[in-house]
Amino acid sequence: MQLDLPAEVPYKFVALPQYETERILTGYLAQFGTGIERGTELTSFEQDAGGVTAQLAGPAGPEQVRAGYLIGCDGAHSTVRAGLGLDFAGGAFSEQYMLADVVVDWSRPDGIGVRAQHQTDGTTDDLLVCIPLPGHHRYRVSMLVPPELASEPPGPGEVPHGLGGGRAPELKHIQAVLDRLAPEPAQASQLRWSSVFRISHRIVDHYRRGRVFVAGDAAHIHPPTGAQGMNTGIQDAWNLGWKLALAVQGTASAGLLDSYDAERRPVGQEVVGQTVRDARTGFDAAPDDPAAMLLREAQLLVGYPDSPVVGEDVSGGQLAAGPRPGQRAPDCGGLRRGAVSFPLRLFEVLHPRWHTLLLYAADERQAAGAGALIEAAARRAHGQLRGYLILAPGTPPPGSGPALDDAGGQFRAAYDAAGGCGYLIRPDGYVGYRASPLDEPGLVAHLATVFAA
């Protein structure tokens, strides 16, 4: 299948090796004056009403750290998860796999993945997956382990997930599978790295207890099918990050941190279930709707419709075709701004640390009242909110305040906008609240579910 995303998605799939992703994130973190302390291990922790005391073991010896909160992003064998006593229910694949980074010499185009499998009586007994990496004909290949590389079964209480410490696969093991399953004669070479690994599928019963949270593989593990693991873990952290920032500042509502579990655990459950099904049977793309499958694999369909911190005030068919509360806010182009000679995309004005209030005006009266509404919302959000007035074509701008001209009507189409309506976009890019018409009492009441009084 050709993985072409729908036209409204401005970016395509990008395949990066994990070490490159880590380099990018480490560099970004350094911009804030923070470094990663490699070789440092959390050995234990205790929490109380005022914070968390963590015991660390690092290159300089034991260290004690006192913090307001602890987030366990420490993987499938998480010390934090064990310390909280969280249930990690699920199971494990009986199969063992091998993984390798190699060059495959064949006529397949660069950038195209390959999946081939052999089945006997409906059971897959031979498998080849080739995921393209940067570089000519370089792939991350995955396949079933031959008997001579199989490791011992896990012991009682162990979580058999991740890379193994046994004998690493050699080129001859990779070549044997290519000889059996490659779509054409192919030669493997330039082995950079290889390992044996096991797969489990598990999820915790809670993402939070008190001042301690789990995210990423510490909260959920599953097959690597569809490359969902890293995306899911980063979205866990992004969802929690902006909420925890408000809590640290003392401006979060009493229930905001609880919404992390309410929003992200259902997503984790869906990802675990879907990746297990895909690993067993391959991508189940419906032939009449391949776009929906691609949007799902890109995690652009993730939403929080049942979240306790999203809401709306609409009636009838108002905003019916626009994004609902808890859905990802869509991008759009064609926006014009004074003193800027080129069109903007909506995502260029959204901010990753603040809420963004988008007010749509179809006449001068609606435009004139937008400034006061934005100011009231910013006060209620303790200054953690920015607002923009979006003007219907032909509507003159007010004398002050940031305004965007929806010259081509793309915002109106993407959000089914009507004059006087408004959308509140959260820092993580999801719709937190919408109303038509938007008034101050309703907006302020919603902001009380996110921000402290």
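Some ground rules. This is a predicted model, where local features need pLDDT of at least 70, side-chain atom pairs count only at pLDDT 80 or more, and totals for chains, interfaces and linings use all residues. Residues are numbered from 1 along each chain as its sequence is written, and side-chain values use heavy atoms, with hydrogens and water left out.

Let's start with the sheet. Helices (H or I, at least four residues) and strands (E, at least two) are DSSP runs, numbered from the N terminus. Two strands pair if DSSP finds at least two bridges between them. Strands of a sheet pair through backbone hydrogen bonds, either parallel or antiparallel.

Here is an open sheet of seven strands. The order is S14-S20-S19-S16-S17-S18-S15, and the pairing is mixed. Which strands stand at the edges? They are S14, residues 311–313, and S15, residues 335–336. Each has a single partner strand, so one side of each has no neighbour in the sheet.

Helix H8 packs on this sheet and touches S16 and S17. Contact here means heavy atoms within 4.5 Å. The direction of H8 makes about 160° with that of S17. Axes are lines fitted to C-alpha atoms, for helices over the stretch in contact, and angles run from 0 to 180 degrees between N-to-C directions.

Now to S16, residues 355–361. How many of its residues are buried? Seven of its seven. Buried means under 20% relative accessible area, exposed over 50%, and partly exposed in between, with a 1.4 Å probe and protein chains only. His355, Leu357, Leu359 and Ala361 point one way from S16. Thr356, Leu358 and Tyr360 point the other way.

S16 has parallel pairing with S17, over seven bridges. Ala361 has Leu391 in S17 as its bridge partner. With S19, S16 pairs in the antiparallel sense, over four bridges. There, Leu357 stands opposite Leu424. S19, residues 422–425, also pairs with S20, residues 431–435. That pairing is antiparallel, again over four bridges. Gly422 has Ala435 in S20 as its bridge partner.

Back to H8, residues 370–380. Its buried residues are Ala370, Leu373, Ile374, Ala376, Ala377, Ala378 and Arg380. What covers them? The cover includes strands S16 and S17, plus helix H7 (364–368) and helix H10 (440–447). Just after H8, His382 takes a positive phi of about 55°.

Next, the earlier part of the chain. Strand S2, residues 51–58, pairs with strand S3, residues 61–67. The two are antiparallel, over seven bridges. They form a hairpin with two residues between them. Ala57 stands opposite Pro62 in S3.

Gly91 is found in strand S5. Buried or exposed? Gly91 is buried, because its relative accessible area is 16%. Leaving out residues up to four places away in sequence, Gly91 touches Ser200, His201 and Arg202. Gly91 and Asp278 are 187 residues apart in sequence, yet 16 Å apart in space, C-alpha to C-alpha.

Then helix H3, residues 171–181. The buried residues there are His173, Ile174, Gln175, Val177, Leu178 and Leu181. Their cover includes strands S5 (88–105), S6 (114–120), S7 (123–132), S8 (138–144) and S10 (187–204). Ala176 also sits in H3. Ala176 counts as partly exposed, because its relative accessibility is 31%.

On a 1 Å grid over the protein atoms alone, a cavity is a set of points where a 1.4 Å probe fits but cannot get out; a pocket is an open set with protein on both sides within 12 Å along at least five of seven lines; lining residues have an atom within 4 Å of a point. Grid points are joined across faces, edges and corners, and a volume is the space filled by probe spheres set on the points.

There is one cavity of 30 Å³ or more. The largest cavity has a volume of about 40 Å³. Its lining is Trp242, Val309, His355, Leu424, Arg426, Gly432, His446 and Val450.

The second largest pocket holds about 470 Å³. It has 18 lining residues, and those closest to its centre are Leu300, Pro323, Gln327, Arg328 and Pro330.
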